[in-house]
Amino acid sequence: MTMPTLSPNSATVTTATLQQLIDTSGSRLAQQLTAMIAASVQQAPSQSGADQIQSIAHIPFQQFQLDSRQLSNNDVFILLKSHNPNYQKSRNYLLQAAEKAVFVLSEMDPAALISEANTPLKMDGDSNAQQQLAQQLAALPCPILYVPNIRDFLGSLIQAYLQYQQPVTLPKVVAVTGTNGKTTISQLVAQLTQLTGMSSAVMGTAGNGRLGALVQASHTTGDALAVQQFLYQMGTENAEILALEASSHGLDQQRLQGVPVSIAIYTNLSRDHLDYHADMEEYASAKAKLFDKAHFPDLTHAIINVDDEHAQIMLDTATASDLTVWTYSLEPATSATFVAADIEPSLQGVKISLRTDFNDKTVGDEKTDIIEIVSPLLGRFNVANLLAAIAAAVATGTVAGTKSASATDSNVDIGRIATAVTQLQGAVGRMQRVSSNDGCFIVDYAHTPDALSQVLASLKTHCKGQLWAVFGCGGDRDAGKRPLMAQAGLTGADQVVLTADNPRTEDPNAILQDMQAGMSAEQYQRTHIEPARQKAIEYAVSQAGPDDIVVIAGKGHETYQEINNVRYDFDDSVILQQALAQAGRI
């Protein structure tokens, strides 16, 4: 992940040892590190190997690295298992790293890695095999510890090292998970808390850093090292709140282990990432980890969208963890903590009647729990995103209190938060309107069937002419959602332009062929197919009428198009502006 980090260099770093981290860290990490060394000693194939492992606790090192290419002398290399392990590649990484590292912590069995075979040696009491393994281990330039559970404490270990260099106070963390809405909600939380007096930062798909100075990210949730370094840097910059996106990959792979998440938000779940997760149940279970104090012991609040069909597993997990659970809903009849009792959308934004116990005020002679809010954000689904962000802003004022913190305990003025809403800006590439003399042109990141359906449904009510959707599907990803994307577009839009997204290593025409599965003759009549994305955008601009709305969907904030492992400069909003200028529409 590309982000600003505070990586100590050899000129300024204070070397540390595992024993020093054991002595200065919290009791839980100290116990885990002690157990790690003890288990490795017990598993050693020889007494000399055991002695070598025992000595590792006292070897000074400069920093941790997860990428063997980034290693410097006196670093510790942490070898993690990939989602689809390749022992030969991992063995090569290990041998390369062992030339510089002072020692290696390996999630993978060293016996499998250093042998010529791709499976662990089966010693079964065979003294010759044990001797052979001991010789192979001893031949390496540095000792290796086999730590199969290292992900359980890796983040804490990295943070302990950073704090050993210079103690800093880390920001409170608000983490957002769900298929859609993570980027917008995290940005809105940061903006609302900043506007109401807190120093805030964000971390996620649209970038990492302080508001107004984001650095582009390559992953929604970075690896454990990148996450902890960024968290530490925000602490050095005195950020009080960090709003971050928690992807299912990141949660499943424990990349957020050790992050002090206080407030967890759940948005929704729809088909995505089934090239990684076996099914929707596994996908939902990965998301639910964010609400489990066994994984995030600093949790105090759960904020959950009760309108979503998968909300129950999040509610059950949060309740089992004894969290303060707040809910939000767009259904006026629900008894959620935050409810949009009335919604009046327009192409300039939306007016919301927010019902919440946190607004206990008197109007005339009567008490009311309704507060009127005017939001500049487009789309009904952005009302749900806004409710989640408002709830999080309220929760930041109660996290220091007791678990039973309620409306009467909160030191946050809901009216002040509501006033700040008028100043909000949507996340880049999320329902982003590009100026034009006529028509309405929108760039949005919607890249799942559900997200595309929501975007189109939100805009359809405002469309006096025809609604256009320009989109594609990514290559090397879940092929099963391709026809679902096409049907979502055809159901919600009057005219559809199918084109390339990020084809990666696949043929764009093959992806487009997959998308057309099951299309009817009527649907073909209102579908234009153009593999070249720039030409597709130009076509939509040239054909759309003055009362039409055109949505360029799928890539949003991205400034590249990935083709055959090369990322070419490509920004939908820039290409759209150029097409509008060429057509004389700006």
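In which sense do strand 5 and strand 8 pair, and over how many bridges? The model is predicted: local features need pLDDT of at least 70, side-chain atom pairs count only at pLDDT 80 or more, and totals for chains, interfaces and linings use all residues. Residues are numbered from 1 along each chain as its sequence is written, and side-chain values use heavy atoms, without hydrogens and water.

Strand 5 pairs with strand 8 in the parallel sense, over five bridges; strands (E, at least two residues) and helices (H or I, at least four) are DSSP runs numbered from the N terminus, and pairing requires at least two DSSP bridges. The pairings of strand 8 (residues 241–245) are tabulated below.

| Strand 5 (residues 172–177) | parallel | five | Val173 |

Five of the five residues of strand 8 are buried (under 20% relative accessible area, 1.4 Å probe, protein chains only). Ile241, Ala243 and Glu245 lie on one face, and Leu242 and Leu244 on the other.

Lys287 belongs to helix 11 (residues 280–288) and is buried, at a relative accessible area of 1%. An unreviewed UniProt entry annotates Lys287 as "modified residue: N6-carboxylysine"; such annotations may be inferred rather than shown by experiment. Beyond its neighbours within four places in sequence, Lys287 has contacts (heavy atoms within 4.5 Å) that include Thr177, Lys182, Ser247 and Met314.

Finally, Arg482, Pro483, Met485 and Ala486 of helix 16 meet Ile511, Asp514 and Met515 of helix 17.

Definitions and conventions: Buried < 20%, exposed > 50% of the residue type's maximum accessible area, 1.4 Å probe, protein only.
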